[in-house]
Amino acid sequence: MADLETFRRETKSWLEANAPASLVGQIGNELEGTWGGRKATWPNPDAKRWLDVMAARGFTAPTWPKAYGGGGLEPAEAKVLAQLLRELRLPPPLIGFGLTMIGPTLLRFGSEEQKTLHLPRICRGEIRWCQGYSEPGAGSDLASLQTKALRDGDHFVLNGTKVWTSYADQADWIFALVRTNPTAKKQEGITFLLVDMDTPGVSVSPILLISGKSPFCETHFQDVRVPVANVVHQIDAGWTVAKALLGHERTMIADAFGGAGPRPDKKGGRSYLAELAASKLGEEQGRIADPIFRDEVAAFEMESRAFALTVQRTKDAARAGHQPGSESSMFKIYGTELNQRRYELLVRLLGPDALGWEGPGFDEADLEITREWLRSRGNTIEGGTSEVQLNILAKHVLGLPS
Amino acid sequence: MQLVLTEEQELIAATARDFVAASSPVSRFRALRDAGDPLGYSPALLREMGELGWLGIAFDEKQGGAGLGLAELVLVVEALGRSLAPEPFVGGLALGGFALALGASPALQSAWLPGVLEGRKVVALAHQEPGSRHALTRIGTRAVASGSGFRLTGAKSQVLDGFGAEAVIVPARTAGGGDDRSGITLFLVGKDAPGLASERAIRVDSRNAAQLHLDGVVCGPESIVGKLGEGASLLEAVVDRATVVLSAEMLGGMAAVFEQTLSYLKTREQFGVPIGSFQALQHRAAQVYMEIELARSSVMAAARSVDAGETDAAKLVSLAKARCSGAYLLAANEAVQMFGGVGMTDEYDVGFYLKRARAAELTFGDAAYHRQRWARLGGY
Ligand SMILES: Cc1cc2nc3c(=O)[nH]c(=O)nc-3n(C[C@H](O)[C@H](O)[C@H](O)COP(=O)(O)OP(=O)(O)OC[C@H]3O[C@@H](n4cnc5c(N)ncnc54)[C@H](O)[C@@H]3O)c2cc1C
């Protein structure tokens, strides 16, 4: 405990000395902020400086071993660091699938060469990763995927199409599930492969979403040659790796959506949501004038708090040495549905102001809420649909029969 | 705040669970109900629980307690709630006991608290009146100055664990009216006080509750719990603690009825397969599971937050009660539905849980009440 206090004190003064003032109050979560990569752009040069100082200290991946560019922190110390960032209202220096998905997976399943090559570049934000799981014919039934990988000496030759690949157009590497054995049982012929997107034969075409943005792509592989050394774990044993990574993905999604929402709450005062409701609906004697919306704001906040406490409880239990179960499925369902309810409520609070799409006559922040409302509908689909998560809970947590 | 049990807490939880499983199956509650037992609980078992130290868990050592907190007490009460044990933990221990501990004079404390913590006496608290719904300060009972003391006149409804109680703490108006916060005073009234009439209220959940009529009951100044005219905040602090205790009981009940439902889903067959293989039921069961998990986190947080005297403790109490109200009813309603016809029979236990869920929901404020309170505490 005394050590933890020392750590808190030292880290706090280090953060205060090193965090660029222009970033204070900028929010961020696992899906919003600095993604890094070769194609990274830096609208705010301080964001780059922030990434570099934090990476140099190992604080982009606080709990990863120092040897791979991490901070080597104990989980309790990492919690303190996260608290400090919140307290000082600083955004995370780096986000992305490298830190949240492929990194933890490589730490567990990767070869020494893979870890030495990839992890430090993830920590420094040099390489941005994307996820090549889904295919046009393989969504919820992911194990039926068909992208072919034929062995040719010390290479695999890839042919096939991945779809819904988030940010493939901005990524440098992709981790992909490919079929290496077409005759085995479907789960047993899959291999987990790391592919440099610069390899000849890889091409991506962005897909437009209902939100008007195109964060995901179709990713094509045409005779793409990938070294066998890029197999993670073993050939034909990719399903185990794939499932472990999905656990990380679901936790990441839950963390991102279960949290503060589009604006951080001011300390002590009213929540962002209550403030917005009061400004849109007026106040009577210090209360949101419309009692029905007041009730809905409270209901949402309470649900959100109960969810955050549950995420915290699981983390506290993990730090105390309890084995995590299939909670990530629960967090995925609840966190994403909560986020959808948040945007449903926000849009209804805005009223007609929520109907803007672009251009003059509408407030920039309101336009963003409308787009995010549309985007949030995907939350219960991406990373495995809610229905699939409910199946997992029913079978693996509740032990209900097939 | 750490939302994980310490080793000591794990031990308390396991001991309580084992004890309750061995000495208090649901059949014991059923037998008390069937017999129309006037108390509705077992005084002998209550004393045994006192000897085990359960009643004193959350009270100071100098008051005869163990010096732990709600974080520990909720573990015991959760175990009791699992098998619907009807002993007076909510009305007697939490309302009466905490009112004495937080507000009573040293003389009243030494006269009453040891008996309460040993399980020899029950002191109830009449927090409700006909028509007051969930508003704690909507008190019509009047305490009129008379000599050096007061005369209390009015009616109190559904006084939890109040029937057969040794004494009842009665909030009354020494001034003001309506929902005024000022002018409320709490009086301790012995069961034999002239002018006090107590009737057993028969409730849907078969638990002990009393209807009280006070007709010029004389109370001396020494019987005041807390300060004259300033009882509202004491009452709220006490009810907040009792609300956490009740929420823990609800948590135990919802967990138990859900476990019973799961095992039914795995064994009952229709169409040649266990009904638990139907996806429609699987998804609904998974929803119940998630609601219970959220309720559990909320109860743990509320208990710890009250123990630590945190500024948003009251919000977390409201959170716990609101989540437990919704989750217990969901678990119980789904249980009846998934048991099918037998779920509707008195012979099966699931109906008991449904009744308990409803009674608990409508005690100390339902989810809507606590959303309002959350909003008020949140400054909007
Ligand atoms: C915004 C977004 C980003 C994404 N990013 C990526 C990415 O980066 N990489 C990647 O690989 N993939 C990504 N995906 C793909 C995502 O994982 C799939 O869309 C998802 O797994 C569902 O597959 P599907 O779209 O083929 O739907 P389907 O599997 O065809 O499902 C259609 C409907 O049927 C239901 N259903 C299917 N099976 C069952 C069942 N057994 N029981 C009950 N109901 C069932 C589903 O729940 C759904 O409601 C992304 C998706 C979205 C929306």
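Modeller: Between chain B and chain A, about 3,600 Å² of area is buried, and carbon and sulfur atoms give 62% of that area. Keep in mind that this is a predicted model.

Biologist: How many residues of each chain are in contact?

Modeller: 43 residues of chain B are in contact with 40 residues of chain A. The cut-off for contact is heavy atoms within 4.5 Å.

Biologist: What makes Glu303(A) and Arg323(B) a salt bridge?

Modeller: Their side chains meet at 3.6 Å, N to O. The rule asks for a Lys or Arg side-chain nitrogen within 4 Å of an Asp or Glu carboxyl oxygen, so the pair qualifies. The count between chain B and chain A is four salt bridges. There are also 20 residue pairs in polar contact between chain B and chain A, both residues at pLDDT 80 or more.

Biologist: Which helices of chain B supply the side that touches chain A?

Modeller: Helices H7 (231-267), H8 (279-307), H9 (313-339) and H11 (367-377) of chain B each supply at least two residues. H8(B) gives the largest share, 16 residues. By class, the side of chain B that touches chain A has 20 nonpolar, 14 polar and nine charged residues.

Biologist: Now to the domains. How is chain B divided?

Modeller: Chain B has domain 1 (7-122), domain 2 (125-229) and domain 3 (233-377). The centres of domain 2 and domain 3 of chain B are 30 Å apart, taken over C-alpha atoms.

Biologist: How do you know that domain 2 and domain 3 of chain B are in contact?

Modeller: 16 residues of domain 2 of chain B are in contact with 16 residues of domain 3 of chain B. The area buried between these two domains is about 1,400 Å², with 67% from carbon and sulfur atoms. In domain 2 of chain B, His134(B), Leu136(B) and Arg207(B) lose the most area to domain 3, together 40% of what that side buries.

Biologist: Why are Arg207(B) and Glu249(B) called a salt bridge?

Modeller: Their side chains meet at 2.9 Å, N to O. The limit is 4 Å, so the label holds. Across the interface of domain 2 and domain 3 of chain B, the rule finds two salt bridges. It also finds three residue pairs in polar contact there, both residues at pLDDT 80 or more. The side of domain 2 that touches domain 3 has eight nonpolar, four polar and four charged residues.

Biologist: Why is Ser271(A) called buried?

Modeller: Its relative accessible area is 11%. Buried means under 20%, so Ser271(A) is buried. Ser271(A) sits in the loop between helix H6 (238-258) and helix H7 (272-281) of chain A.

Biologist: What lies 3.1 Å from a polar atom of the Ser271(A) side chain?

Modeller: The backbone nitrogen of Ala274(A).

Biologist: Why is Glu368(A) called partly exposed?

Modeller: Its relative accessible area is 35%.

Biologist: What makes Glu118(B) and Arg120(B) a salt bridge?

Modeller: Their side chains meet at 2.7 Å, N to O. The cut-off is 4 Å, so the pair counts. Glu118(B) is partly exposed at 39%. Arg120(B) is partly exposed at 46%.

Biologist: Are Asp240(B) and Arg373(B) buried or exposed?

Modeller: Asp240(B) and Arg373(B) are buried. Their side chains meet in a salt bridge at 2.9 Å, N to O. The pair links distant parts of the chain: Asp240(B) is in helix H7 of chain B and Arg373(B) in helix H11 of chain B, 133 residues apart.

Biologist: Which residues do salt bridges with shared partners join into one network?

Modeller: Arg30(B), Arg33(B), Asp34(B), Asp346(B) and Asp349(B).

How values were computed. Residues numbered from 1 in each chain as written. Chains lettered and ligands numbered in written order. Predicted model: local features only at pLDDT ≥ 70, side-chain atom pairs only at ≥ 80, totals over all residues. Heavy atoms only, no water. Buried area = accessible area lost by both parts, 1.4 Å probe. Polar contact = N/O pair within 3.5 Å; in protein donor to acceptor, adjacent residues only side chain to side chain. Helix = DSSP H or I, 4+ residues; strand = E, 2+ residues; numbered from the N terminus. Nonpolar A, V, L, I, M, F, W, Y, C, P; charged D, E, K, R; others polar. Domains from an automatic or database assignment. Buried < 20%, exposed > 50% of the residue type's maximum accessible area, 1.4 Å probe, protein only.
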